[in-house]
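Here are a few friendly notes to read alongside the model. Have a look at the fold, then follow the points below.

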Amino acid sequence: MKLENLKPAKGSTHNSKRVGRGQGSGKGGTATRGTKGAQARAGYEHKIGYEGGQMPIQRRLPKFGFKNPTRVEYQAVNVAALQALAEAAGTKVIDLEVLAAAGYTKGGQLVKVLGNGDITAALEVTAHAFSKSAIAKIEAAGGKTTVIE
């Protein structure tokens with residue numbers, strides 16, 4: 001094998017379409033551009049989203065909804081999950097590291113404890129936010145809630 005013997009694999013290359021080279025080529029005359037109009041002329045550049053006068057898709061489709069730029073999104077953890085975690089890990093202190101290690105949250109997320117389920121263990125729970133029912137259930141079981149600022 002030598003450099004002068006190398007050539008592309010069979011079928012991997014194609015001859016380019018030579019348009020506008022006379023009627024005998026089959027691609028003469030209009031050079032596959034159709035007849036008349038801006039698109040048939042040299043120097044034509046279409047505008048982004050322009051569909052030839054047809055109502056463009058970004059105007060046909062309705063807009064709806066609202067994205068609140070100041071929204072604060074919490075990862076929810078229920079009181080029942082805290083009870084299960086306390087029984088499984090045998091701990092009385094539950095904070096963000098314990099929740100992340102157990103797979104209830106991911107690192108860097110804000111955590112809110114919600115009041116779904118029952119709790120019997122007296123736990124010290126630390127989170128970014130608590131619902132009123134969660135605070136009531138944790139304190140009724142003899143526990144304590146701490147909010148992270």
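This is a predicted model: local features need pLDDT of at least 70, side-chain atom pairs count only at pLDDT 80 or more; totals for chains, interfaces and linings use all residues.

1. How many bridges join S1 to strand S3? Five bridges do, and the two strands run parallel, with S3 covering residues 110-114.

2. Residues are numbered from 1 along each chain as its sequence is written, and side-chain values use heavy atoms, leaving out hydrogens and water.

3. The open sheet has three strands in the order S1-S3-S5, with parallel pairing. Strands are DSSP runs of E, at least two residues, and helices are runs of H or I, at least four, numbered from the N terminus; two strands pair if DSSP finds at least two bridges between them. At the edges lie S1 (74-78) and S5 (129-130), each pairing on one side only.

4. Helix H2 (residues 79-89) packs on this sheet and touches S1 and S3 (contact means heavy atoms within 4.5 Å).

5. Two salt bridges are present, each a side-chain nitrogen of Lys or Arg within 4 Å of a carboxyl oxygen of Asp or Glu. Arginine 60 pairs with glutamate 51, their closest N and O atoms 3.2 Å apart. In the other, glutamate 73 meets arginine 71, with 3.5 Å between the closest N and O atoms.

Notes: Axes are lines fitted to C-alpha atoms, for helices over the stretch in contact, and angles run from 0 to 180 degrees between N-to-C directions.
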